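Here's a quick briefing to read with the model open beside you. Have a look at the fold first, then come back for the details.

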Amino acid sequence: MIKKTWILTPILVSSIVFPAFAANAPNLAKNSPKNTYQVIERLIECESNGKNVAKLDSNGKYSYGILQIQFETWNRWSKESGITGEPMNKTDAVKMATWAIKNGKIKAWTEWEYAMGLQDKCKWQRKNKSHSL
């Protein structure tokens, strides 16, 4: 498998380590993330494949940017966190995701189970498994 490199850097995301997550989740996937940086990389992989896009989501609202955050969510989190910007700005999106994960909001993403290492593949990859040759 080719390792994809996104726009993240340890300086941008810092080194927020998960609080004993592995001890509470014995069924982690093989390459489980060890820190927020890796969780965000996994979210980006599943949510947008690294593309800064706007897509209609399953709830009929648009999600934006590499982390596919809806404006309603962005505005609520912005008030809570004090983080400004917009979800289509990659740096802003990563800052917001870092804050969201640190503050227990990982389940806002439909791909949170993959991001946290509870699944080996993104949902769309699991649905398309019959398409392999």
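Let's start with a cysteine: Cys 46 has 7% relative accessibility, so Cys 46 counts as buried (buried means under 20% relative accessible area, exposed over 50%, partly exposed in between, with a 1.4 Å probe and protein chains only). Keep in mind that this is a predicted model, where local features need pLDDT of at least 70, side-chain atom pairs count only at pLDDT 80 or more, and totals for chains, interfaces and linings use all residues. Residues are numbered from 1 along each chain as its sequence is written, and side-chain values use heavy atoms, with hydrogens and water left out.

**The disulfide**

- Cys 46 is joined to Cys 122 by a disulfide, with 1.6 Å from S to S; a disulfide here is a pair of cysteine sulfur atoms within 2.5 Å.
- Searching the whole structure turns up 1 disulfide.
- The link of Cys 46 and Cys 122 is left-handed, with -80° about the S-S bond.
- Cys 46 sits in helix α3 and Cys 122 in the loop between α6 and α7 (123–127), so the pair ties together parts that are 76 residues apart in sequence.
- Cys 122 has 0% relative accessibility, so Cys 122 counts as buried too.

**The chain as a whole**

- The protein chain has 7 helices and 2 strands, and along the sequence they run α-α-α-β-β-α-α-α-α.
- Those elements are DSSP runs numbered from the N terminus: helices are H or I with at least four residues, strands are E with at least two.
- The protein chain has 133 residues, of which 38% count as buried.
- Take the contacts in the protein chain with a separation of 6 or more: residues 24 or more positions apart account for 49% of them. Contact means heavy atoms within 4.5 Å.

**Helix α5**

- α5 covers residues 90–102, which is 13 residues, and its first and last C-alpha are 18 Å apart, close to the 18 Å expected at 1.5 Å a residue. The expected span is 1.5 Å times one less than the number of residues.
- At the N-terminal end, Asn 89 caps α5 with a side-chain oxygen 3.0 Å from the backbone nitrogen of Thr 91.
- Following α5 is Gly 104, with a positive phi near 75°.
- The buried residues of α5 are Asp 92, Ala 93, Val 94, Met 96, Ala 97, Thr 98, Trp 99, Ala 100 and Ile 101.
- Asp 92 has 14% relative accessibility and so counts as buried. Setting aside neighbours within four places in sequence, Asp 92 is in contact with Trp 74, Thr 84, Gly 85 and Glu 86.
- Val 94 is buried at a relative accessible area of 0%. From C-alpha to C-alpha, Val 94 and Ile 44 are 9.5 Å apart, and they are 50 residues apart in sequence.

**The nonpolar core**

- The largest nonpolar core has 22 residues, and those with the most contacts inside it are Val 39, Ile 40, Leu 43, Leu 67, Ile 101, Ile 106 and Trp 109. A core is a set of buried Ala, Val, Leu, Ile, Met, Phe, Trp, Tyr and Cys residues joined through side-chain atoms within 4.5 Å.
- At least two residues of this core come from each of α3 (36–47), α4 (71–81), α5 and α6 (112–115).
- α5 gives this core its largest share, 7 residues.
- Beyond its neighbours within four places in sequence, Ile 106 is in contact with Val 39, Leu 43, Ala 100, Ile 101, Trp 112 and Met 116.

- Most residues other than glycine have a negative phi.
- Asn 49 has a positive phi, near 55°. Asn 49 lies in the loop between α3 and β1 (54–56) and is partly exposed, with a relative accessible area of 31%.
- Gln 68 also has a positive phi, about 50°. Gln 68 lies in the loop between β2 (62–64) and α4 and is buried, with a relative accessible area of 8%.

Notes. Polar contact = N/O pair within 3.5 Å; in protein donor to acceptor, adjacent residues only side chain to side chain.
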